[in-house]
2 protein chains.
Amino acid sequence: MPEESSEDVFKIIVATDIHLGYGEKDVIRGNDSLVTFEEILENAKKHEADFILLGGDLFHENKPPRRIMHGCISLLRKFCFGDKPILFEYLSDQSADFKHCQFPTLNYEDTNLNVSIPVFSIHGNHDDPSGQGNLCSLDLLHSAGLMNYFGKTTSLEKIEMSPLLMQKGSTKLALYGLGSVRDERLHRLFVHKNVTMLRPKENQEDWFNVFVIHQNRAKHSTTSYIPEQFLDDFLDLVIWGHEHECRLEPEWNSSQNFFVSQPGSSVATSLSEGETVKKHIGLLQIKGKNFKITKIPLTTVRQFYMENVVLSETELDPNDLDIGKKVEAYCSEKVEAILQKAGR
Amino acid sequence: MPEESSEDVFKIIVATDIHLGYGEKDVIRGNDSLVTFEEILENAKKHEADFILLGGDLFHENKPPRRIMHGCISLLRKFCFGDKPILFEYLSDQSADFKHCQFPTLNYEDTNLNVSIPVFSIHGNHDDPSGQGNLCSLDLLHSAGLMNYFGKTTSLEKIEMSPLLMQKGSTKLALYGLGSVRDERLHRLFVHKNVTMLRPKENQEDWFNVFVIHQNRAKHSTTSYIPEQFLDDFLDLVIWGHEHECRLEPEWNSSQNFFVSQPGSSVATSLSEGETVKKHIGLLQIKGKNFKITKIPLTTVRQFYMENVVLSETELDPNDLDIGKKVEAYCSEKVEAILQKAGR
Ligand SMILES: [Mn+2]
Ligand SMILES: [Mn+2]
Ligand SMILES: [Mn+2]
Ligand SMILES: [Mn+2]
């Protein structure tokens, strides 16, 4: 598959877990999440993406501080509006696909808005709908015409997903999305066969089927994750949000016959090993039934390092009378060395 | 001055103190403020207003609940976007007039947005800038392209107001605005001659000068209000926000040679006499140096009644052994009668 733009190739910037507002009160890191979001949007512009696909947790907090919401609005308006034409067609019924929204329309099909790069997003567990009206931050952005919020489920007993159907040249894309649901509940719904993915009636084999999901992928307990084998095997590619480790390289699931790509977060939000992995977003290119994902390294992310210190493996003597001070000195040296590495 | 539309007549819908979200948790009245805001926007559409001018306190709370912000966004998008052409010109420098905003532009001059009815607003004391970044809810709406937020002051020592200059046919409008400032501080700034209103250099006499302000108009204490005589006498019309009693009918200030019009709130937010006055918004028409304000009654407002009960003026006998019960019965009858009146 060629790298260059082609009239049959969907070019999609894929990112998840941007966590806008993470550490926003921190004097030094307070703007990190917004800075990296800007980098992501710049990449979408630079690569002339057809659209941006976000996999949930765009916001770190359910009720983001005003400064963060304002920053997000400003960046979306700055990068996603303009004269670049939309080069793909929308084939499904937008009023059905966005029926959960006050404005059941695609922002770029509203003749009052001149959108250059549509953003499609599901919600994560950090920015899920709640409170009066069951709204989330993405509803605000959707109603303001700044993004297209899909995959919002309302029923607690039955989930039926219709794909957003898009076509670019000869390539047909069926995009499924499911905003974050409590793992145990979704697990149960799957077990009881209450999760259905609807498919286009005609020429089913022509469609490239992508599913974006925001759940635990790693097994935490028996029911608090979604095993890959629960997912329909007609899928071609699953974009897995919520897990923060960058594992963009598509992983083949041979029992399900689909690939899974896990973009990971664009900011480290916990002191865990997974967050030390270099952060990337993906440029997903789809042509017919083929695809490839190019890893785009994020250059604005503050690199997070982690090291284990096993004192018994050092030359420190536990019987030394000054052992307290010496351990302290040893650790402090380690930390300094890591800080130096980070400063590079 | 003729009522009908004319190419020289500015038609402006004027409203203040809409207090979106007032009583939003109330099961019965929870949507009142949004319903009336919709009525105001419908009126602007019906009367083909050139723009809407809001005098502060659009929101009741500094951090409005998500449902309220969502309702506001949805209504602005529904009513203020569309193909109706903008029939007036903007003559001053928008990048200077809106320099306090992330997007120092008028929403209707952004070629990516198709705005039919621009909204101009100052902030009130209920929705004033605060917190990190000194932002308010109107900043979110402005940056989303849904309104034009002006009159934001940043200096604590000196206020210098430049007018927004607009022209429709031969009518020239200089619009001054000052978002709410603590009364005592603004009073002191005026006393020390630290409030300046700049004027267009040429043909000063041709401009119709409107000033929209959101302060105490009634004397509360010596310094906690702004006396009308503090305001420049070149002004033609002052739109006074913050005071909730509807006194739209322009009142002539003969020492200052200007009119003052006080639209009042569109929802009653306190148990005071002023709030019982029938609620209206204004249709302000300006042609050359002449203007008139037509009162438009708001039909969706829940009428608020108030009555004084003076027991000594009734036939109730304070020495009656059952006086407690009788007073209770008397009051309850009064309330029932008012409720009946309200139900009409
Ligand atoms: Mn996350
Ligand atoms: Mn998550
Ligand atoms: Mn008010
Ligand atoms: Mn006020």
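B:Leu237 has B:Phe259 as its bridge partner in strand E13(B). This is a predicted model, in which local features need pLDDT of at least 70, side-chain atom pairs count only at pLDDT 80 or more, and totals for chains, interfaces and linings use all residues; side-chain values use heavy atoms, with hydrogens and water left out. Residues are numbered from 1 along each chain as its sequence is written, while chains are lettered from A and ligands numbered from 1 in the order in which they are written.

Strand E13 of chain B covers residues 258-262, and four of its five residues are buried (under 20% relative accessible area, 1.4 Å probe, protein chains only). Strands are DSSP runs of at least two residues and helices (H or I) runs of at least four, numbered from the N terminus. Two strands pair if DSSP finds at least two bridges between them. The pairings of E13(B) are listed here.

| Partner strand | Bridges to E13(B) | Direction |
|---|---|---|
| E11(B), residues 237-241 | three bridges | parallel |
| E12(B), residues 247-253 | four bridges | antiparallel |

In the second pairing, B:Phe258 of E13(B) is the bridge partner of B:Asn253. The hairpin of E12(B) and E13(B) has four residues between the strands, and B:Asn257 takes a positive phi near 60 degrees there.

Donors are N, O and S atoms within 2.8 Å of the metal (3.2 Å for Na, K and Ca); water is not among the atoms, so sites may look incomplete. B:Asp57 lies in the loop between strand E2 (51-54) and helix H2 (66-80) of chain B, and B:His242 in the loop between E11 and E12 of chain B, so this pair ties together parts 185 residues apart in sequence. Both B:Asp57 and B:His242 are buried. B:Asp57 also bridges ligand 4 and the manganese ion (ligand 3), which lie 3.2 Å apart.

Notes: Buried < 20%, exposed > 50% of the residue type's maximum accessible area, 1.4 Å probe, protein only.
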